[in-house]
Every structure is written in C-alpha cells, then in structure tokens.
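Trainee: Please pick out one part of this structure and go through it closely. I would like the cut-offs stated along the way.

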Amino acid sequence: MLRIEENGLTAEIYTNLRVYAGMQPYPPEDVEKALKGTLFSVVVWDGEEPVAIARVVGDGRVVFFIKDVVVHPDWQGRGIGRAVMERVMAYVEREGAPNAYVGLMSTPGKESFYEKFGFHVRPCGYEGSGMTCYINRVK
C-alpha cells in the first residue's frame, strides 16, 4: 500500500532517490542545507521504502520552483509521478498569490508529462527561452 507523506523529505531519502535516477549527487552537508530552503516536499512510501519525491522552493507567495521530481525506476509507469505532482500543485495553488510564477526544468523527453499540469515549453509566443547556469561546476 502506497502512502504519501508531506514535508517528510530527509537528506538520506533525497540523496538515495537521486542516485537511483542517475542525477547529480551532492555532499551530505550541502543536501542538509539545501533542504532547509524547501517550502514543501512530498515523499511516497511503499511500506518502509521511499519510492518517489518532489520538493518546492521559492518565496512562498509569488515565485515557486518545482525541483527533484523523482520516481524510483522500478516504480515508474504506475501513476506515482502524477500523484506527486497533484500534491505539489495543490500546495502551490493553496499558497500562491494570483498569477504566481511556477517553474520547473523537465528532463529531456518528459515535457508532455508536465504539460498535463498546465506547464508549457519555452520559448513560446509570450516567453523567451528558459536559461540555467551551474556555478563551481564539477565535471
């Protein structure tokens, strides 16, 4: 039986699920500090095993950024990502001001998943290209 927990994301869960997904690892002290800036998080559990996470960062009112939406590869394709995003979007809708900005960066090929939640690919007719920058980049 799957269980969704709000605001229960720990550094260990965060690190382990990112490793399973092949994402950039970070030192434990950096993860601990980063998670302190989390406005809202979701952890999906199968018994005692965390199988999915997501978190929201931002100012809590007009700017939100959805980060680290990760579903363990063994659990993908079961609607867990949808359940995570529904919970995240409910939080943003509850806390956000009218016309609040909500951003995210999709992994390649997953854009259509996020379009189901109202996101659009940039550039488009009224927004320029999204841009990113990594500081102190380790290769």
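**The largest pocket and its surroundings**

Mentor: Of the residues that line the largest pocket, 26 are nonpolar, 10 polar and 12 charged. Here Ala, Val, Leu, Ile, Met, Phe, Trp, Tyr, Cys and Pro count as nonpolar, Asp, Glu, Lys and Arg as charged, and the others, Gly among them, as polar. This is a predicted model, in which local features need pLDDT of at least 70 and side-chain atom pairs pLDDT 80 or more, while totals for chains, interfaces and linings use all residues. Residues are numbered from 1 along each chain as its sequence is written, and side-chain values use heavy atoms, with hydrogens and water left out.

The pocket holds about 1700 Å³ of space, and 48 residues line it, with R18, M23, K67, D68 and M105 nearest its centre. A pocket is an open set of points on a 1 Å grid over the protein atoms alone, with protein on both sides within 12 Å along at least five of seven lines; a cavity is a set where a 1.4 Å probe fits but cannot get out, and lining residues have an atom within 4 Å of a point. Points are joined across faces, edges and corners, and a volume is the space filled by probe spheres set on them. α1, α2, β3, β4, α3 and α4 each supply at least two lining residues, and β4 gives the most, with 7. Helices (H or I, at least four residues) and strands (E, at least two) are DSSP runs, numbered from the N terminus.

A salt bridge is a side-chain nitrogen of Lys or Arg within 4 Å of a carboxyl oxygen of Asp or Glu. R18 also lines the largest cavity, together with Y14, T15, Q24, P25, Y26 and V31. That cavity has a volume of about 30 Å³, and helix α1 (residues 11–20) gives the most to its lining, with 3 residues.

R122 forms a salt bridge with E127 (3.9 Å, N to O); R122 counts as partly exposed because its relative accessibility is 33%, between the limits for buried (under 20%) and exposed (over 50%), with a 1.4 Å probe and protein chains only.

Beyond neighbours within four places in sequence, M85 is in contact (heavy atoms within 4.5 Å) with I66, V69, L104, F113, Y114, F117 and F119.
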